[in-house]
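Hello,

Here is the structure you are taking over. Have a look at it first, then read my notes below.

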Amino acid sequence: MQPLLGVRFFRSAAGTEPVREWLRDLPVEHRRAIGTDIKTVQYGWPLGMPLVRKLEPGLWELRSHIADGIARVLFTVHGADLVLLHGFIKKSGRIPVDELDTARQRLALFSRWADRD
């Protein structure tokens with residue numbers, strides 16, 4: 001069975017991939033849980049709660065339960081790709097505004113670059 005979506009990491013103008021770097025800094029068991037959930041989205045898209053929640057047009061959150069709370073990966077879907085924009089761990093109910101703003105900024109940059117392709 002082929003995945004419905006490929007996975008891409010948002011890449012900054014400087015060439016960094018913030019979500020990949022964030023994942024590398026997490027403990028192995030956290031990376032494994034988040035990776036499994038990303039794979040579930042790849043093979044089962046579109047999905048809803050409790051794993052995926054639409055935040056606004058073009059922006060979704062993946063919610064992975066880990067020992068430290070809930071890891072969130074904010075992403076967009078572009079063509080046949082799941083584009084990972086921002087990742088963080090939160091322990092409270094609402095997404096902090098600064099985390100959401102980071103994802104929005106990266107989405108805007110990605111959208112401008114993707115339109116050139």
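**What I found**

Start at Val52. Setting aside neighbours within four places in sequence, Val52 is in contact with Val41, Trp45, Leu47, Trp60, Glu61, Leu62 and Phe75. Keep in mind that this is a predicted model.

Why start there? Val52 belongs to the largest nonpolar core, which has 19 residues. Trp22, Ile34, Val41, Val52, Leu62 and Phe75 touch the most other members of that core. H1, H2, E3, E4 and E5 are the elements that give two or more residues to it. There is also a second, separate core of 12 residues. Its members include Ile95, Ala103, Phe110 and Ala114. As a general point, nonpolar side chains in soluble globular proteins tend to be buried together.

**The sheet**

In what order do the strands of the sheet lie? The order is E1-E5-E4-E3-E2. The sheet is open, has 5 strands and shows mixed pairing. Strand E1 (6–9) and strand E2 (52–56) are the edge strands, and each pairs on one side only. On average, neighbouring strands are turned by 35° against each other, direction ignored.

Helix H2 (residues 28–44) packs on this sheet. H2 touches E1, E2, strand E3 (59–66), E4 and E5. The direction of H2 makes about 140° with that of E3.

Now the pairings. Strands of a sheet pair through backbone hydrogen bonds, either parallel or antiparallel. Both kinds can be found here:

- Strand E4 (residues 69–78) and strand E5 (residues 81–90) run antiparallel, joined by 9 bridges.
- E1 and E5 pair in the parallel sense, over 4 bridges.

Thr76 stands opposite Val83 in E5. Arg8 also stands opposite Val83. Ala71 has Ile89 in E5 as its bridge partner.

E4 and E5 form a hairpin with 2 residues between them. Gly79 sits in the turn and has a positive phi of about 60°. For background, most residues other than glycine have a negative phi.

**Helix H2**

H2 has 17 residues. From its first C-alpha to its last it reaches 24 Å, close to the 24 Å expected at 1.5 Å a residue.

Which residues of H2 are buried? They are His30, Ile34, Asp37, Ile38, Val41 and Gln42. These residues cover an arc of only 150° around the axis, so they are on the same side of H2. The general rule is simple: an α-helix has 3.6 residues a turn, so residues three or four places apart point the same way. The buried residues of H2 pack against E1, helix H1 (18–24), E2, E3, E4 and E5.

**The loop between H2 and E2**

Look for two prolines in this loop. Pro46 is found there, and a cis peptide bond joins Trp45 to Pro46, with omega about 0°. Most peptide bonds are trans.

**Two leucines to look up**

Leu59 lies in strand E3. Is Leu59 buried or exposed? Leu59 is buried, because its relative accessible area is 0%, and buried means under 20%. Leaving aside neighbours within four places in sequence, Leu59 is in contact with Lys54, Leu74, Phe75, Leu85, Leu100, Ala103, Arg104 and Leu107. Leu59 and Glu29 are 30 residues apart in sequence and 26 Å apart in space, C-alpha to C-alpha.

Leu85 is in strand E5. Leu85 counts as buried because its relative accessibility is 0%. Leaving aside neighbours within four places in sequence, the contacts of Leu85 are Phe10, Val19, Leu59, Leu74, Phe75, Thr76, Ala103, Arg106 and Leu107. Leu85 and Leu107 are 22 residues apart in sequence and 6.8 Å apart in space, C-alpha to C-alpha.

Best wishes

Key:
Residues numbered from 1 in each chain as written. Predicted model: local features only at pLDDT ≥ 70, side-chain atom pairs only at ≥ 80, totals over all residues. Heavy atoms only, no water. Pairing = 2+ DSSP bridges. Axes fitted to C-alpha atoms, helices over the stretch in contact; angles between N-to-C directions. Contact = heavy atoms within 4.5 Å. Expected span 1.5 Å × (residues − 1). Buried < 20%, exposed > 50% of the residue type's maximum accessible area, 1.4 Å probe, protein only. Arc of directions from axis to C-beta. Core = buried A, V, L, I, M, F, W, Y, C linked by side-chain atoms within 4.5 Å.
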